[in-house]
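Please examine the structure below.

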Amino acid sequence: MNKYLALAYVALLVIMDQATKLAAVNYLRPVGSLALVPGVFHLTYATNDGAAFGLFSGGRWFFVAVTVAVVAALAYYFVKLPHTREYSWVRLTLVLICGGALGNFIDRLMKGYVVDFLHVTFINFPVFNLADVFLVVGTAVLSALLIFVIKDEPVSKEPAESKPAESKPAAPAVSEHE
């Protein structure tokens with residue numbers, strides 16, 4: 001995936017996230033919650049001015065600054081990755097993480113909080129949004145790839161020693177008298 005296609009995918013993820021959050025504000029905020037599968041999955045309007053699961057509430061500008069740094073680092077890493085098939089999944093995870101980070105970044109910058117609306121109720125899981133899904137899935141898959149799949153061999157800075165070619169044992173000499 002080249003950088004222009006990656007930017008298009010990131011933009012698409014951000015648009016999906018922002019469109020669903022806008023729908024949550026317009027249709028869910030007035031009713032609060034809507035059970036899609038009662039007792040299992042609801043659409044529930046909520047806001048979050050902290051990090052994941054409401055941690056570090058009130059850190060708006062800290063999160064804005066961290067997001068800028070993280071997205072810049074991921075973009076740099078994306079550009080520096082080798083253009084081999086082995087790294088195509090890594091590139092996809094970086095796109096997911098950037099799309100999620102930017103989706104929540106826009107909310108924090110414009111509103112001071114993030115709009116959440118997806119609610120898994122059978123385990124009392126905190127309310128979340130599409131950007132959170134992109135972030136979690138991207139980070140989980142990237143972690144798995146880095147731990148189990150990507151095997152970078154250390155590159156030696158010294159030239160390989162030249163080994164003399166191993167000689168084959170000579171065939172036994174056959175005498176004429178045998």
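The charged end of arginine 91 is placed over the ring of phenylalanine 78, at 4.7 Å from the ring centre. A charge is said to sit over a ring if NZ of Lys or CZ of Arg is within 6 Å of the ring centre and within 35 degrees of the ring normal.

The model is predicted, and local features need pLDDT of at least 70, side-chain atom pairs count only at pLDDT 80 or more, while totals for chains, interfaces and linings use all residues. Residues are numbered from 1 along each chain as its sequence is written, and side-chain values use heavy atoms, with hydrogens and water left out.

**Salt bridges**

A search of the whole structure finds three salt bridges, each defined as a side-chain nitrogen of Lys or Arg within 4 Å of a carboxyl oxygen of Asp or Glu. They are listed here.

| Lysine | Aspartate | N to O distance |
|---|---|---|
| Lysine 21 | Aspartate 17 | 2.8 Å |
| Lysine 21 | Aspartate 107 | 3.1 Å |
| Lysine 111 | Aspartate 107 | 3.7 Å |

Lysine 21 and aspartate 17 both belong to helix H1 (residues 3-28), and because they are four residues apart, about one helical turn separates them. Helices (H or I, at least four residues) and strands (E, at least two) are DSSP runs, numbered from the N terminus. Both lysine 21 and aspartate 17 are buried, where buried means under 20% relative accessible area, exposed means over 50%, and partly exposed lies in between (1.4 Å probe, protein chains only).

Lysine 21 also forms a salt bridge with aspartate 107. This pair links distant parts of the chain, since lysine 21 lies in helix H1 and aspartate 107 in helix H3 (residues 88-111), 86 residues apart. Lysine 21 is buried at a relative accessible area of 1%, and aspartate 107 is likewise buried at 1%.

Aspartate 107 has a further salt bridge, to lysine 111. These two residues are four residues apart in helix H3, and therefore separated by about one helical turn. Lysine 111 is partly exposed, with 36% relative accessibility. Through shared partners, the salt bridges join Asp17, Lys21, Asp107 and Lys111 into one network.

**Aromatic pairs**

How many aromatic pairs does the structure hold? It holds two. Rings of Phe, Tyr and Trp (its six-membered ring) pair if their centres lie within 6.5 Å; planes under 30 degrees apart count as stacked, over 60 as edge-to-face and the rest as tilted.

The ring centres of phenylalanine 62 and phenylalanine 63 are 5.5 Å apart and the planes meet at 65°, so this pair is edge-to-face. Phenylalanine 62 is exposed, at 55% relative accessible area, whereas phenylalanine 63 is buried, at 10%. Phenylalanine 125 and phenylalanine 128 form an edge-to-face pair too, with 5.8 Å from centre to centre and 85° between the planes. Phenylalanine 128 is buried, at 15%, while phenylalanine 125 is partly exposed, at 32%.

**Nonpolar surface patch**

Phenylalanine 125 lies in the loop between strand E3 (114-120) and helix H4 (130-149). Together with Leu34, Leu36, Val37, Val40, Phe122 and Ile123, Phe125 makes a nonpolar surface patch of about 620 Å². Patches are made of residues with over 30% relative accessible area and no salt bridge: like charges are joined within 9 Å, and nonpolar side chains (Val, Leu, Ile, Met, Phe, Trp, Tyr) within 5 Å.

Conventions. Accessible areas come from the Shrake-Rupley method with a 1.4 Å probe; for residues, only the protein chains shown count as cover.
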